Amino acid sequence: MSYCPECEAAIDEEFEDLGEIVSCPECGVELEVISIDPVEFDLAPIDDEDEDDFNIEDSEEDDLDENEESYDEEYDKEDDY
């Protein structure tokens, strides 16, 4: 019997290939088989494609746009006096 390194859930399955990627039945994290006898897991490496899905520059631009709109609204309020 093996255990998830993330949540310590028991994983009672047989695996044949080193490097095989499986999901923990409890927490759902992706695990890589790093040993067959005994079966041991490590957290699966992160795909570079997954990292590209989130672009920090896009997030910063969104924040700037929101701040600019907020500033414009406040500036307009001052003109009303």
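Me: How many residues lie between strand 3 and strand 4 in their hairpin?
Reply: In this predicted model, strand 3 and strand 4 pair in the antiparallel sense over three bridges. One of the pairs sets I21 against E32 in strand 4. The turn of the hairpin includes G28, which has a positive phi of about 80°. The number of residues between the two strands is six.

Me: Is E26 buried or exposed?
Reply: E26 sits in the loop between strand 3 and strand 4. Beyond four places in sequence, E26 touches C7 and A9. Its relative accessible area is 63%. The cut-off for exposed is over 50%, so E26 is exposed.

Me: What distance separates the C-alpha atoms of E26 and I11?
Reply: E26 belongs to the loop between strand 3 and strand 4. Along the chain, E26 and I11 are 15 residues apart. The separation of their C-alpha atoms is 9.1 Å.

Me: What is the strand order of the open sheet of three strands?
Reply: The pairing in this sheet is antiparallel. Its edge strands are strand 3 (21–23) and strand 5 (39–43), each of which pairs on one side only. Neighbouring strands are turned by 45° against each other on average, direction ignored. The order is 3-4-5.

Me: How many bridges join strand 4 to strand 5?
Reply: Strand 4 covers residues 30–36 and runs antiparallel to strand 5. L31 stands opposite L43 in strand 5, and I36 has V39 as its bridge partner there. A hairpin through two residues connects the strands. The number of bridges is five.

Me: Which residue has its backbone oxygen 2.6 Å from a polar atom of the side chain of S2?
Reply: S2 lies in strand 1 (residues 2–3) and counts as buried at 4% relative accessibility. Leaving aside neighbours within four places in sequence, S2 is in contact with A9, A10, I11, V39, E40 and F41. One of these contacts, V39, also supplies the backbone oxygen that lies 2.6 Å from the polar side-chain atom. The residue is V39.

Me: Which elements give two or more residues to the largest nonpolar core?
Reply: This core has 10 residues: C4, A9, I11, F15, V22, C24, L31, V33, V39 and F41. In soluble globular proteins, nonpolar side chains tend to be buried together. I11, one of the core residues, touches M1, S2, C4, P25, L31 and F41 when residues up to four places away in sequence are not counted. The elements that give two or more residues are strand 4 and strand 5.

Me: Why is the aromatic pair of F15 and F41 edge-to-face?
Reply: The count of aromatic pairs is one. Its ring centres are 5.4 Å apart, and centres must lie within 6.5 Å for rings to pair. Planes over 60 degrees apart count as edge-to-face, so the pair qualifies with its planes at 90°.

Terms used: Residues are numbered from 1 along each chain as its sequence is written. This is a predicted model: local features need pLDDT of at least 70, side-chain atom pairs count only at pLDDT 80 or more; totals for chains, interfaces and linings use all residues. Side-chain values use heavy atoms; hydrogens and water are left out. Two strands pair if DSSP finds at least two bridges between them. Helices (H or I, at least four residues) and strands (E, at least two) are DSSP runs, numbered from the N terminus. Axes are lines fitted to C-alpha atoms, for helices over the stretch in contact, and angles run from 0 to 180 degrees between N-to-C directions. Buried means under 20% relative accessible area, exposed over 50%, partly exposed in between (1.4 Å probe, protein chains only). Contact means heavy atoms within 4.5 Å. A polar contact is a pair of N or O atoms within 3.5 Å; within protein, one must be able to donate a hydrogen and the other to accept it, and residues adjacent in sequence count only if both atoms are side-chain atoms. A nonpolar core is a set of buried Ala, Val, Leu, Ile, Met, Phe, Trp, Tyr and Cys residues joined through side-chain atoms within 4.5 Å. Rings of Phe, Tyr and Trp (its six-membered ring) pair if their centres lie within 6.5 Å; planes under 30 degrees apart count as stacked, over 60 as edge-to-face and the rest as tilted.
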